[in-house]
Amino acid sequence: MMTRVRALQPLAVLIASFCLPFAAVAQRAPSGLALDAEVSRIMAKAHANGMAIAVIEHGKVGYVHAYGIRNAKGDPLTTDTVMYGASLTKTVFAYTVMQLVDQGKLNLDTPLKDDLDRPLPSYGPDPIFPDKYGPYKDLAGDSRWEKITPRMCLTHSTGFSNFWFIEPDQKLRIHFDPGTRFSYSGEGFVLLQFVIEHGRKAEGLGLDVGDLAKANFDRLGMTRTSLVWSKDNPDPNVADGWNDQGQPQAHDKRSKVRASGSMNTTISDLSKFAAALVRGDGLTRASRGEIAKPSLHITTAGQFPPFQPDLPASDQRKDLYAGLGVVVFDGPQGHGFYKGGHDGQTANSMVCVDAGQRCVVILSNDVRSEAGFADLVRFILGDTGVPYDWEYGDHAGKS
C-alpha cells in the first residue's frame, strides 16, 4: 500500500535550495517512482520482507510509502500498519520532557534528587509492574546518583549500563562519574521517567508519561500510536517481523510504558511527529534548540558495546555529539540529528537536517533492512554525513 500525502515538488525544492548557504545545499528530492525502485532494490539485496518510509521537506510530510509484507501469511504492510517503534521512543520522550521544561516543571541541569521527596534508593519496585523501573535500592552505597540530571539521562551519560538486568549480577550500578562521558543507556531514560511519574507534585510532577505522550499524539493526529499496548483493542493490522536468519517473529506487545522503547506506531503517524520535531512545533525555540544541541562529545569508535575506551583524539569524529534523545552531527549539508531503533527483528531510523527541515523516517519489521539504510538515506537526502558507521559498525542488519 502506498500513500502520497503530498506529491514532492522537485522544482520547488531545487529553487528553495538556492536560498541556503552553499554548504547546506541539498540534492533534488527523488521522484516517487525512483524512490520506489531504489527501496525495492535495497530490500531485494537485503532479503528483507517489509519496510515503510516517509520523507519530510520544509517541515511537512511529503511522501509516505509502505513496501512488502507484515507477516508470514503475506498480508501487505501498509502505511497504517502498527509497527514497533523501539528506541525511537527515546526521541518522543525527549520531546515530551522538553515540554515539561518549557512549563517550568523540570530543569535540565538540576539534579534529579531535588525533584524527589525521598532519596532515590529508598523507593521500592512498582506495585503493578515490579520491573518497570530499576532496582534503585542498589544505589544506596553510591552517592554519585545524587549528581544525575535530566540532561545526563537524555544524553546517555548517567554511568548506567544499557539496562540493569543485563549486568552479570542483575544489580543497578554506576560505572563512571555521571556526566563525564557517553555510554548508551536506556536505564537513564527509565530513571527520568520514574522521576516524572513519582516526583514532587508541588512542582507539577507526579505525571503519567504515557498520558503526556498521548496528548502529543492526539494533537498531531497520530491516532494509531501509543507507548503501551492496549489488550482491550485488538488490531488485525499489526506487523510481525523477521530476524537476520529470515525467521518470523511475533510482534512484541509491551504491557507497560517504558521511555526507553515501548512505543508502537505507524509510518503515517511517525512522519507527523518527525515533521513537528524538525520544525519545532510544540516547543519553544530554546527547547527545540536544546534537543539538537551538541551537549556531550562522543569519543568512542561505536555505539556498542557499552563502556568502550576513548579513541585517540586524532581519530575522534569532532562533530559527533549526544543531543537530547538524539545524536547530532555536522555534515556536508550542515547540522543534523538522528536516532535509530533496533532489536532482533526491528530496524528503524530517523535522520533530519536542519537546512530545509528535511527528514527521512524508516520503519522496518525485518532487521535485515538495516544494512541498506545508509544507501537509502543518501539516495533521498544526498550526503548528510549521518554517522551510521558509528552506530552500526559491522552489525547493520544483524539480530
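Residues are numbered from 1 along each chain as its sequence is written. In this predicted model, local features need pLDDT of at least 70, side-chain atom pairs count only at pLDDT 80 or more, and totals for chains, interfaces and linings use all residues.

Helix H2 (residues 32-46) packs against helix H9 (residues 373-381) at an angle of about 170°, with the axes 10 Å apart, which makes H2 roughly antiparallel to H9 (over 145 degrees). By class, this contact of H2 with H9 has seven nonpolar, no polar and three charged residues, where Ala, Val, Leu, Ile, Met, Phe, Trp, Tyr, Cys and Pro count as nonpolar, Asp, Glu, Lys and Arg as charged, and the others, Gly among them, as polar. On the H2 side the residues in contact (heavy atoms within 4.5 Å) include Leu-35 and Ile-42, and on the H9 side they include Phe-379.

The axes of helix H3 (residues 88-102) and helix H6 (residues 209-220) come within 10 Å and cross at roughly 95°; H3 and H6 are therefore roughly perpendicular to each other (65 to 115 degrees).

A pocket is an open set of points on a 1 Å grid where a 1.4 Å probe fits, with protein on both sides within 12 Å along at least five of seven lines, and lining residues have an atom within 4 Å of a point.

| Pocket | Volume | Lining classes |
|---|---|---|
| Largest | About 680 Å³ | ten nonpolar, eleven polar, ten charged |

How values were computed: Side-chain values use heavy atoms; hydrogens and water are left out. Axes are lines fitted to C-alpha atoms, for helices over the stretch in contact, and angles run from 0 to 180 degrees between N-to-C directions. Helices (H or I, at least four residues) and strands (E, at least two) are DSSP runs, numbered from the N terminus. Angles under 35 degrees count as roughly parallel, over 145 as roughly antiparallel, 65 to 115 as roughly perpendicular and the rest as oblique. Grid points are joined across faces, edges and corners, and a volume is the space filled by probe spheres set on the points.
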